[in-house]
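Let's take a friendly walk through this model, from its helices to its pockets. Have the viewer ready and follow along.

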Number of protein chains: 2
Amino acid sequence: MVAIRYEHIKTCRQSGARLGKVHTPHGTFETPIFMPVGTLATVKTMSPEELKEIGSQIILSNTYHLWLRPGHDIVKEAGGLHKFMNWDRPILTDSGGFQVFSLSALRKIEEEGVHFRNHLSGEKLFLSPEGAMEIQNALGSDIMMAFDECPPYPATYEYMLKSVERTSRWAERCLEGHKRPEDQGLFGIVQGGEYEDLRKKSAEDLVSLDFPGYAVGGLSVGEPKDVMNRVLEFTTPHLPHDKPRYLMGVGSPDALIDGTIRGIDMFDCVLPTRIARNGTCMTSSGRLVVRNAKYAKDYRPLDEKCDCHVCKNYTRAYIRHLVKCDETFGFRLTSYHNLYFLLKLMEQVREAIRQDRLLDFKEEFFEMYGLNKPNAKNF
Amino acid sequence: MVAIRYEHIKTCRQSGARLGKVHTPHGTFETPIFMPVGTLATVKTMSPEELKEIGSQIILSNTYHLWLRPGHDIVKEAGGLHKFMNWDRPILTDSGGFQVFSLSALRKIEEEGVHFRNHLSGEKLFLSPEGAMEIQNALGSDIMMAFDECPPYPATYEYMLKSVERTSRWAERCLEGHKRPEDQGLFGIVQGGEYEDLRKKSAEDLVSLDFPGYAVGGLSVGEPKDVMNRVLEFTTPHLPHDKPRYLMGVGSPDALIDGTIRGIDMFDCVLPTRIARNGTCMTSSGRLVVRNAKYAKDYRPLDEKCDCHVCKNYTRAYIRHLVKCDETFGFRLTSYHNLYFLLKLMEQVREAIRQDRLLDFKEEFFEMYGLNKPNAKNF
């Protein structure tokens, strides 16, 4: 019995993108999919009911953050993360690896694991592949991620080779440390930076361990867009067709489409909710900074082509007023709209694959969104 | 045609409390009632749908705050406050008088009005009875409040006498300045501090002007509870039986019950939402500071006797975690619960009046809530 099963529905004849479904212990989600991020067991500002209303089929939560607050023991005692946060659909948890590398000071990487300081209290902590499994087993997510080394960008070939080899050894230890394989599926994470042969090596190492799914890690860390696309192009061919592929930390509209075209099935990013809390909205004609003065008397919806609850009931003028006053409800409205925008985009992407026209859809969307202009500003 | 009409249903034979209905251009609300406060055209953290879900029949919004942000012209252009904030039930707006006196620096009261400084920018402003009417006419609330002088507590008899006389003169100017009497009902505000003859004089002055409703102002400003009760006892008898009476700024459970017993029909207060944002909850066994460490592993609902959405789906442990992490959703949950608690309390109060047993209900509630203990801590 495996916890996670990928069902391939079709491949887009125009683009090569994949349409599928992933079956988990908490139900099925369609792919390609965008996963809203609920770092601390809440997708910031949103309720579980609202997440369902806008069509969220799976959410992500962060192992590192939940380990520190409230502690995985508390989540476990509460009956697991689903029950703790009142979310009965699938949950993916990351491994904590990325946060340990990006948020923590004074980290020291050893073969055994990583020593670092808690970004809140400064307390000394240690996280290992076994520790990351133990925490995720306690959280009870449907999809767990292996504890990998997240190298900086750019990194030398020598550094990256050692990092890939370590990530492979850690992946084996993760598989051994994972105590609930029937309830939770563990994904491996392919590293290797921008080096084609290292990506190939990393993929082959991990595929030989037979994970139920694979992530492409180490992207969206500051590299140019064409580097990301190129890396995907030479990495995904080494991943099995019958397993889901997840591109970590990507959520800008163009990257979702470009990643899908290169064979990716799953994405996550804090982008839509983070920019929402800054008063920036995703709309069908590009980004709209609703806190700007020019919207003070603009009584149109955020996006005139959007049919979400926010766009049906609230004006730019009202939302600007709330955001300017730091009113929580304003950030609820912008977060709701932005997540709806991305989830709806992925629904359109799936439909375009179904119709074998994802490249046409990309062209139309980039045109509408203003991404075909020279120096187009994305998110 | 009058905008506001009070329908008396019955008087509690045990307590003398009134059961009634108030008919407004945006529908009817039952009395006695508690009105959640939506200072800046939003009841902090809550959506209009949630407010309806918990049974809010009318909300209050603040003229002073909306005048400064976003400006009443913008609200008017948006089609009025109801449309601006997507709330189609009754709205009461205060006059701005209380905020001018409590929030502003360097205020100078003259017969014409009040000079003061904007509490945000320091800009010099002036508010008069006519100005308060103009702003509220632009907002389009169902119930407007007269612009009164809000004296400090305590104040000397001489000061209070002059203040009452000025408030009466300003009330006349408000009636003249009010340009939409068919769409909006204007309530007068009885002042007079703790002086029985001044409360009587203020009430008689205002009643002679025939407002569609009356507020008792100048209470809940730091005076002891028995002073508030005594003032109500000698003030409400001077108010007409066929008009609603509104006690401004009161929202602690005991004061709602005690005010009702003394003939009050309407209440408002920021208390339930303000304490919610500090992690304090109203429960059937008294106040619960959910951010306290002792709730870290408490998997019970906030209030085991409560049937609200929050208590049915979330634990103290989860809510504590969110509140400790400053997560918006935590404050949504505590605000929702606290408002539900007070609205449900008023529903029970109305039922007790219907059954002629409000004094018995008070006894039971005070016992349960721990208010009968010596030095009982209320909110």
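A residue is called buried when its relative accessible area is under 20%, exposed when that area is over 50%, and partly exposed in between, using a 1.4 Å probe and protein chains only.

## A covered helix

With that in hand, have a look at helix α10 of chain A, residues 253-261, which is mostly covered: 9 of its 9 residues are buried. The buried residues are A:Pro253, A:Asp254, A:Ala255, A:Leu256, A:Ile257, A:Asp258, A:Gly259, A:Thr260 and A:Ile261. After α10(A) comes A:Gly263, with a positive phi near 90°. Helices here are DSSP runs of H or I with at least four residues, strands are runs of E with at least two, and both are numbered from the N terminus.

## About the model

This is a predicted model, in which local features need pLDDT of at least 70 and side-chain atom pairs count only at pLDDT 80 or more, while totals for chains, interfaces and linings use all residues. Residues are numbered from 1 along each chain as its sequence is written, chains are lettered from A and ligands numbered from 1 in the order in which they are written, and side-chain values use heavy atoms, leaving out hydrogens and water.

## The fold of chain A

Chain A has 15 helices and 16 strands. Its radius of gyration is 20 Å, close to the 21 Å that the globule rule gives for 379 residues, so chain A is as compact as a globular protein of that length. That radius is taken over C-alpha atoms, and the rule is 2.2 Å times the number of residues to the power 0.38. Along the principal axes, the C-alpha atoms of chain A fill a box of roughly 60 × 45 × 40 Å.

Of the 379 residues in chain A, 63% are buried. Contacts (heavy atoms within 4.5 Å) can also be sorted by sequence separation: among those in chain A between residues at least 6 apart, 66% join residues at least 24 apart.

## How the two copies are related

## Backbone details worth a look

One runs from A:Arg69 to A:Pro70, with omega near 5°, and A:Pro70 is in the loop between α2 (63-68) and α3 (72-77). Another joins A:Tyr153 and A:Pro154, with omega about -10°; A:Pro154 sits in the loop between β10 (143-145) and α7 (157-177).

Positive phi values turn up in residues other than glycine, too. A:Asp210 has phi near 60° and is located in the loop between α8 (196-208) and β12 (214-216) of chain A. For B:Asp356, phi is near 55°, and its place is the loop between α14 (328-354) and α15 (358-369) of chain B. Are these residues buried or exposed? A:Asp210 counts as exposed at 53% relative accessibility, whereas B:Asp356 counts as buried at 16%.

## The pockets

Pockets are found on a 1 Å grid over the protein atoms alone: a pocket is an open set of points where a 1.4 Å probe fits, with protein on both sides within 12 Å along at least five of seven lines, and lining residues have an atom within 4 Å of a point. The largest pocket has a volume of about 1,100 Å³. Its lining holds 49 residues, and B:Phe98, B:Ser220, B:Gly249, B:Cys269 and B:Val270 lie nearest its centre. In chain B, α5 (97-103), α9 (225-235) and α11 (271-276) each supply at least two lining residues, with α5(B) giving the most, 6 residues.

The second largest pocket has a volume of about 910 Å³. Among its 40 lining residues, A:Asn62, A:Phe98, A:Gln99, A:Ser102 and A:Gly249 lie nearest its centre. The elements of chain A that give two or more residues to this lining are α5 (97-103), β7 (105-109) and α11 (271-276). The largest share, 6 residues, comes from α5(A). Both volumes are the space filled by probe spheres set on the grid points, which are joined across faces, edges and corners.
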